[in-house]
Every structure is written in C-alpha cells, then in structure tokens.
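Hi there,

Here is the structure I promised to send over.

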Amino acid sequence: LGLRTVLVLGVVLLLLGANSMYQIDIPLHITEELGMSPRFAGLLLGVSAALEVPLMVLAGVWADRVGKQRMMVAATVCATVFFGLLPLTDSRPLLLALQLLNAAWVAVALNIPVVVLQDSLPGRFGTASALYSSAFKAGMFLGGLAVGTVATWTGHRQVFWVCAGLTALAGVLALLLRAVPQPSSPEPVRTPAPTPLTDPRE
C-alpha cells in the first residue's frame with residue numbers, strides 16, 4: 001500500500017472511531033450527566049441522521065468543485081469544533097443547534113474518503129472498497145472499546161474530549177495527504193492488432 005492509501009485509511013479509522021464513541025456515549029451523557037430524558041437523546045440522534053442525508057448528497061455534488069481533500073480537512077475541523085463544544089453545552093437548544101455541525105462532518109466522513117481511497121488505488125476498485133470496509137469496521141470496534149474505558153475512568157463528558165483529539169489527529173493526516181502526489185492511472189494494455197489472413201490461392 002502506498003502512503004496516500006495509508007493516510008486515507010488512518011483518517012477513516014480515526015473519524016469513524018470518534019463517531020462510534022459519540023453514538024454510544026451521547027445517550028448516557030444526556031440522561032446521566034445532564035439529567036435530560038432518553039426521548040431527547042433520541043431526538044438528537046434523529047435530527048442528526050435527518051440532516052446527514054441531504055448533506056451527503058451536497059457533499060457528492062461539491063466534491064469535484066471544492067476538492068475532495070479540502071472537504072476532508074474541513075470535515076475534521078468541523079468534527080473537532082463539535083466535540084470541543086459538546087462538553088461545554090448544557091442547554092437543549094444549543095445541543096440541537098450543534099447537530100448541524102455534527103451532520104456536516106459525518107456526511108463527508110461517510111462519503112468522500114472512499115472516493116479518495118479509490119483515487120489512490122487507480123484501477124483497483126475492489127481493493128479500495130475492501131480496505132474502506134475494513135477501516136470502517138475497525139473504527140467502530142475501536143471506538144466502542146475506547147468509550148467504555150474512558151467513560152469508566154473519567155466520566156461520559158470526557159469522552160468527547162477524546163473524540164476531539166481523534167478528529168484533530170485525523171485532520172493532521174488529511175493535511176499530510178495533500179502533500180502526497182496523486183498516483184497516475186495505469187495505462188490500458190494494448191493488444192496487438194490481429195494479422196490479416198491471406199488467401200493461400202493468391
């Protein structure tokens with residue numbers, strides 16, 4: 001695997017790990033630390049999911065215009081800001097407002113990196129899809145493992161600071177990705193033209 005591929009996989013692993021930690025921890029944070037109802041925790045997750053769908057479509061439309069790598073960097077910035085503000089927010093309106101920021105970075109994280117990964121492996125779409133799927137599952141697994149450890153020792157609110165650190169590190173990798181040249185597409189294999197048959201009677 002080339003350096004570009006490794007960097008993209010690292011970004012996917014960190015972003016999906018942070019997202020997994022958030023999905024697991026936010027209901028517990030809402031109910032146990034903020035004293036709000038489980039219904040409001042479900043509302044937060046539902047609002048974010050509803051916003052992600054149109055934003056994913058827009059991310060696909062803007063990818064070539066804005067630049068896929070720039071969008072990945074922007075997503076890591078949005079994620080880091082979101083996770084940095086989340087532990088400081090205790091009111092329902094602000095928590096709902098933050099879901100727009102949350103949906104924006106998740107829409108890019110679930111959409112653009114797989115395209116960047118395919119670009120880094122020209123002509124090997126099956127390999128790119130398999131690597132992305134593996135990084136996706138590994139990120140969710142590591143996120144679930146980390147959230148239990150962090151929440152047990154430090155509390156649910158501190159989980160979001162860890163998420164902010166993971167997304168910030170993903171931003172560093174995304175910036176490094178911009179410095180690595182894009183691999184060229186392999187030239188198609190040219191087969192020699194068949195020799196025309198001659199009539200033996202000539």
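How do the residues of the lining of the largest cavity divide into nonpolar, polar and charged? They divide into six nonpolar, one polar and no charged. In this scheme Ala, Val, Leu, Ile, Met, Phe, Trp, Tyr, Cys and Pro count as nonpolar, Asp, Glu, Lys and Arg as charged, and the others, Gly among them, as polar.

Before the rest, a word on the source. This is a predicted model, in which local features need pLDDT of at least 70 and side-chain atom pairs count only at pLDDT 80 or more, while totals for chains, interfaces and linings use all residues. Residues are numbered from 1 along each chain as its sequence is written, and side-chain values use heavy atoms, with hydrogens and water left out.

The overall picture

The protein has seven helices and zero strands, so from the N terminus on the elements run α-α-α-α-α-α-α. Helices (H or I, at least four residues) and strands (E, at least two) are DSSP runs, numbered from the N terminus. Of the 202 residues, 41% are buried; buried means under 20% relative accessible area, exposed over 50%, and partly exposed in between (1.4 Å probe, protein chains only). Among contacts between residues at least 6 apart in sequence, 79% join residues at least 24 apart, where contact means heavy atoms within 4.5 Å.

The cavity and the pocket

Both were found on a 1 Å grid over the protein atoms alone: a cavity is a set of points where a 1.4 Å probe fits but cannot get out, and a pocket is an open set with protein on both sides within 12 Å along at least five of seven lines. Lining residues have an atom within 4 Å of a point. Grid points are joined across faces, edges and corners, and a volume is the space filled by probe spheres set on the points.

There is one cavity of 30 Å³ or more, and the largest cavity holds about 30 Å³ of space. Its lining consists of Leu15, Leu16, Asn19, Trp105, Val106, Ala109 and Leu110. Helix H1 (3-33) and H4 are the elements that give two or more residues to this lining.

The largest pocket has a volume of about 200 Å³. Lining the largest pocket are Leu55, Leu58, Ala59, Trp62, Met71, Ala74, Ala75, Cys78, Ala104, Trp105, Ala107 and Val108. Here the elements giving two or more residues are helix H2 (38-66), H3 and H4. By class, this lining has twelve nonpolar, no polar and no charged residues.

How H3 and H4 pack

Two packed helices are described by the angle between their axes and the distance between the axes. Helix H3 (residues 68-85) and helix H4 (residues 92-109) pack at about 145 degrees, with their axes 8 Å apart. Axes are lines fitted to C-alpha atoms, for helices over the stretch in contact, and angles run from 0 to 180 degrees between N-to-C directions. The residues making the contact include Met71, Val81 and Phe82 of H3 and Leu98, Asn102 and Trp105 of H4. In total the contact has 13 nonpolar, two polar and no charged residues.

Val81 lies in helix H3 and is partly exposed, with a relative accessible area of 39%. The C-alpha atoms of Val81 and Asn102 are separated by 9.3 Å.

Leu98, in helix H4, is buried, with a relative accessible area of 10%. Leaving aside neighbours within four places in sequence, Leu98 is in contact with Phe82, Leu85, Leu86 and Thr89.

Leu43 is in helix H2 and is partly exposed, at 42% relative accessible area. Leu43 and Leu96 are 53 residues apart in sequence and 8.6 Å apart in space, C-alpha to C-alpha.

Best wishes
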